[in-house]
Amino acid sequence: MASFFFFSSVQNRVLQNRALPKALLCFTLCYILMLSFCMSSVSGQSFACGDGASSFPFCDKSLAADARVADLVQRLTLQEKITFLVNSAGSVSRLGIPKYEWWSEALHGVSYVGPGTKFSNVVPGATSFPQPILTAASFNNSLYEAIGRVVSTEARAMYNVGLAGLTFWSPNINIFRDPRWGRGQETPGEDPLLTSNYGSGYVRGLQQTDSGDKNRLKVAACCKHYTAYDLDNWKGTDRYHFNAVVTKQDMDDTFQPPFKSCVLDGNVASVMCSYNQVNGIPTCADPNLLSGVIRGEWKLNGYIVTDCDSIDVYYKNQHYTKTPEEAAAKAILAGLDLNCGSFLGQYTEGAVKGGLVTEAAIDKAITNNFGTLMRLGFFDGDPSKQPYGDLGPKDVCTPQNQELARETARQGIVLLKNTPGSLPLSPTAIKSLAVIGPNGNVTKTMIGNYEGTPCKYTTPLQGLTAVVPTTFVAGCVDVACGTAQVDDATKLAAAADATVLIVGENQSIETESHDRIDLHLPGQQTLLITEVAKASKGPVILVIMSGGGFDITFAKNDDKITSILWVGYPGEAGGAAIADVIFGFYNPSGRLPMTWYPQAYVDKVPMTNMNMRPDPASGYPGRTYRFYTGDTVYEFGYGISYSTFNHRLVRAPKQVSIPLEEDHVCHSSSCQSLDVVEERCQNLAFDIHLGVKNMGKMSGSHTVLLYSSPPSVHNSPKKHLLGFEKVFLSSQGEALVKFNVDVCKHLSVVDELGSRKVALGDHVLHVGDLKQTLSVKI
């Protein structure tokens with residue numbers, strides 16, 4: 001109503017202006033009335049605990065949150081309770097509770113995927129950051145959190161005008177185990193530590209309020225898809241039928257750490273269980289995984305939600321239960337709180353009446369759901385009078401937010417090859433630039449999936465054209481590139497001072513529900529690249545836009561291809577960021593968050609084999625840089641710069657001793673490892689100090705990756721990432737980088753039974769070519 005009174009006052013002032021021509025007066029009044037209607041229909045959405053319901057104890061902000069939730073739950077009938085078990089939650093008019101849609105998405109910006117969020121003429125778009133796989137390549141912890149803060153601000157702004165919810169089912173923190181997985185683009189890559197840091201950082205950015213009160217949420221994030229989920233649809237095996245057979249060691253060493261970190265370090269408000277089974281049990285029906293681990297061991301403060309229709313999937317597709325009522329009961333009894341879909345809405349009452357589940361179990365589930373909404377302020381009355389109530393359309397797509405999207409793309413872009421004298425190109429020496437390739441002038445391809453409407457697009461062609469004169473030919477009708485138009489492309493390259501080839505994939509080739517079957521560039525892209533490189537008279541820069549990696553050995557070894565860049569799916573400002581790097585306005589510093597394998601790897605490794613560790617007897621090579629024993633095209637963490645950076649060890653211990661009680665068995669017999677127990681691990685941390693110097697002529701950021709190669713016990717990794725830091729250094733500048741290493745956290749390995757152990761013996765710590773042996777003893 002506030003907007004109505006505001007526009008009424010404007011209308012009166014207009015009516016009093018007798019000097020206005022009648023036609024203009026009529027137009028102005030019509031415009032005001034229309035705008036008044038739009039604003040009142042948007043900002044006048046109903047909210048819980050308004051004037052008519054504010055007398056209920058659950059609306060009393062002075063009471064403790066759990067007391068408010070308990071009051072609300074006891075006021076509901078069974079049928080009303082059941083409506084709060086599904087994403088399209090029901091309304092209870094007698095209690096002043098409006099409908100609420102739980103399903104909104106914000107993987108890399110506020111998304112229109114999911115019914116909880118929409119764009120309109122009030123907010124036509126939101127900042128679209130790069131896909132997480134490229135953001136992760138920045139190896140910049142502070143950036144992950146900064147993006148989350150921007151996304152949550154834009155989400156709150158949209159909520160305030162009725163265009164978004166408060167619960168966002170992001171981020172995706174599954175391990176990018178296999179390069180063929182179509183959803184790898186949504187993840188932070190293949191490493192558990194990088195994925196953990198990205199997940200917990202992004203969640204903190206989304207959730208943390210300006211007050212820092214952990215009992216309050218700016219928006220509620222959700223870490224997904226729990227767990228061992230990384231196959232969608234490969235050679236006839238799909239996610240709805242797949243049983244991931246995972247060893248206890250791989251589960252606790254690889255698949256679980258990001259989720260554990262998301263709950264413990266990120267304090268995430270939700271975890272989403274996945275479609276697949278793990279060792280024969282659907283994750284959404286597994287009481288050990290849900291009640292036992294997420295809520296029991298990790299103490300989740302929030303709710304557990306299904307992936308959409310997961311219960312329906314394990315009933316109809318996996319035939320896990322004989323009746324739908326039994327399926328509903330199993331989910332609730334396992335610890336599930338919310339169903340994306342309608343299954344629990346349809347079958348829970350029958351499950352209660354059939355004695356399969358109690359109403360008390362339903363109370364427990366909706367208590368977790370309402371508790372999350374309480375932390376969001378959903379039951380605190382008028383949103384405009386709450387924290388963030390002043391946010392609105394003016395706070396979405398701000399210049400600062402859009403610049404952060406561009407900066408994120410710049411930080412993530414990985415320079416894979418650079419012949420001396422090739423990049424950066426000179427913006428004054430280059431008089432003509434040939435831009436060739438099916439991704440040369442794309443828009444939507446740049447933002448990948450789980451996208452929203454971006455503020456605007458800068459295509460690669462637009463970004464490059466803003467710097468130098470360009471000519472463009474796609475060379476292929478689309479990325480599938482059934483037939484390459486080689487002649488037009490080679491003529492262009494032969495006449496230009498330099499050539500930029502922009503190739504790769506889009507959502508028609510890799511995406512949710514669609515895995516790749518090989519690691520070749522699609523169709524005749526390889527032919528196009530090779531022939532253009534032959535014909536070109538100047539430098540040839542190959543730019544690959546994709547989520548997953550390729551076997552591009554041909555390009556790596558082709559002297560005519562002078563530089564190679566991987567740009568992921570770089571977001572709304574991707575074209576500007578690509579130009580920034582190519583022309584040296586930005587010194588590339590990204591590192592690959594996943595291994596790039598040769599085609600021979602996937603020829604002998606089925607996606608369905610979940611084992612991380614190699615098996616010499618069968619010739620199985622293992623997975624990811626931590627265990628893989630074969631050749632690579634480019635390894636995890638690889639990426640070069642326009643500058644050279646030197647490292648020197650300033651300070652690091654050579655030995656660490658672990659105190660043991662006098663009667664410990666390891667005093668009298670040889671032990672390979674020790675159990676990680678809290679009392680033993682106290683004060684077992686040390687610092688490593690590294691000096692880093694920029695030896696080049698350009699200023700730039702440098703990513704310092706600290707690895708450890710543990711002793712060969714318990715099938716331990718060949719090496720694993722202990723930490724990373726990003727530092728900015730001017731030309732010839734130096735910095736001191738400090739890592740704090742916790743012996744029990746960072747130097748431990750998971751044994752065959754899934755228990756974490758400190759490996760005794762020599763650990764080799766390394767950064768680049770710098771190595772230091774650390775002996776861990778008792």
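How many cavities of 30 Å³ or more does the structure hold? This predicted model holds four cavities of that size.

## Largest cavity

The largest cavity has a volume of about 70 Å³. Its lining consists of L649, A652, I688, L690, L706, L765, H766, V767, L770, K771 and Q772.

Sorted by class, the residues around the largest cavity comprise eight nonpolar, two polar and one charged.

## Second largest cavity

For the second largest cavity, the volume is about 40 Å³. The residues that line this cavity are F176, R177, D178, P179, E190, M594, T595 and Y597. By class, the lining of the second largest cavity divides into four nonpolar, one polar and three charged residues.

## Packing of α15 and α20

Helix α15 (residues 399–412) packs with helix α20 (residues 574–582) at an angle of about 45°, and their axes lie 8 Å apart. Because of that angle, α15 is oblique to α20. The crossing in which α15 passes α20 is right-handed.

On the α15 side, the contact involves R406, A409 and R410, which meet A576, A577 and D580 of α20. The contact of α15 with α20 has three nonpolar and three charged residues, with no polar residues.

How values were computed: Residues are numbered from 1 along each chain as its sequence is written. This is a predicted model: local features need pLDDT of at least 70, side-chain atom pairs count only at pLDDT 80 or more; totals for chains, interfaces and linings use all residues. Side-chain values use heavy atoms; hydrogens and water are left out. On a 1 Å grid over the protein atoms alone, a cavity is a set of points where a 1.4 Å probe fits but cannot get out, and a pocket is an open set with protein on both sides within 12 Å along at least five of seven lines; lining residues have an atom within 4 Å of a point. Grid points are joined across faces, edges and corners, and a volume is the space filled by probe spheres set on the points. Ala, Val, Leu, Ile, Met, Phe, Trp, Tyr, Cys and Pro count as nonpolar, Asp, Glu, Lys and Arg as charged, and the others, Gly among them, as polar. Axes are lines fitted to C-alpha atoms, for helices over the stretch in contact, and angles run from 0 to 180 degrees between N-to-C directions. Helices (H or I, at least four residues) and strands (E, at least two) are DSSP runs, numbered from the N terminus. Angles under 35 degrees count as roughly parallel, over 145 as roughly antiparallel, 65 to 115 as roughly perpendicular and the rest as oblique. A crossing is left-handed if the near helix is turned anticlockwise from the far one by less than a right angle, and right-handed if clockwise. Contact means heavy atoms within 4.5 Å.
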